[in-house]
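Welcome, and please open the model in your viewer.

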Amino acid sequence: MKRILWNITIASVITLAVYIALYAVWGAVLSGIENPTLRLLLIALMSTFAFGFILLYISKIRKYIGEDEVMSDYKEKTYISFADDLRLVIRRESKVLVCIMAIVFACFVLNTFDSLVFGRKTISFPTFFFASMCLFDSVINVPFVGYVLSALLDCISYIVFLLVYRKKKYNYWMKNKV
């Protein structure tokens with residue numbers, strides 16, 4: 001569980017750095033959009049997808065763990081579909097998904113506590129490192145709903161990137177196996 005938390009933290013910090021570095025580009029590209037809520041929504045979606053991909057890279061691609069998992073999962077059976085692979089992925093990645101949701105929920109609790117008790121950031125400073133995982137809070141005015149949407153979309157983006165990666169690795173493996 002410690003490795004999962006570390007991977008999520010690193011992915012979140014890298015996503016935050018990319019978000020800050022590319023904000024000038026995204027801001028210029030999206031400056032034509034008059035509606036500020038739509039602009040925030042698009043930025044939040046791009047950041048969420050970036051987080052999902054970066055988490056995949058950090059936890060699966062960088063050390064070839066994902067490739068080994070695909071080979072062990074499909075050593076004696078064939079790849080049927082994304083839906084079939086989704087069951088394997090959900091079972092294998094359930095701890096990662098729970099950890100993502102727990103982090104977003106902890107950010108909600110700390111930020112809400114600070115705003116209700118202190119009126120400013122006091123004890124919620126560590127949530128800064130996970131800000132890229134909670135951007136939908138700034139899009140949706142109902143606080144808890146924004147955090148729930150953030151947690152769901154973070155998990156979905158990670159799973160979608162993982163499924164595509166696994167399909168690509170399986171196809172590569174089968175092509176080179178023959």
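Here is a short tour of surface patches and cysteines.

This is a predicted model, where local features need pLDDT of at least 70, side-chain atom pairs count only at pLDDT 80 or more, and totals for chains, interfaces and linings use all residues. Residues are numbered from 1 along each chain as its sequence is written, and side-chain values use heavy atoms, with hydrogens and water left out.

**Stop one: a nonpolar patch**

Select Phe82, Phe105, Val109, Phe144, Val148, Leu152, Ile156, Val160 and Val164, which make a nonpolar surface patch of about 770 Å². Patch residues have over 30% relative accessible area and no salt bridge, and nonpolar side chains are joined within 5 Å, like charges within 9 Å. A salt bridge is a Lys or Arg side-chain nitrogen within 4 Å of an Asp or Glu carboxyl oxygen. Areas come from the Shrake-Rupley method with a 1.4 Å probe.

Now colour helix 4 (82-118) and helix 6 (143-177), the elements that give two or more residues to this patch. Helices are DSSP runs of H or I, at least four residues, numbered from the N terminus. Helix 6 gives the most, with six residues. Phe105, in helix 4, is partly exposed at 47% relative accessibility (buried is under 20%, exposed over 50%, partly exposed in between).

**Stop two: a positive patch**

Next, pick Lys2, Arg3, Arg62 and Lys63, which form a positive surface patch. Lys2 sits in helix 1 (residues 2-30) and is exposed at 73%.

**Stop three: the cysteines**

Cys99 is buried at 9% relative accessible area, and Cys155 is buried at 7%.

Methods:
Lys and Arg count as positive and Asp and Glu as negative; His and the chain ends are not counted. The place of a charge is taken as NZ of Lys, CZ of Arg, CG of Asp or CD of Glu. Buried means under 20% relative accessible area, exposed over 50%, partly exposed in between (1.4 Å probe, protein chains only).
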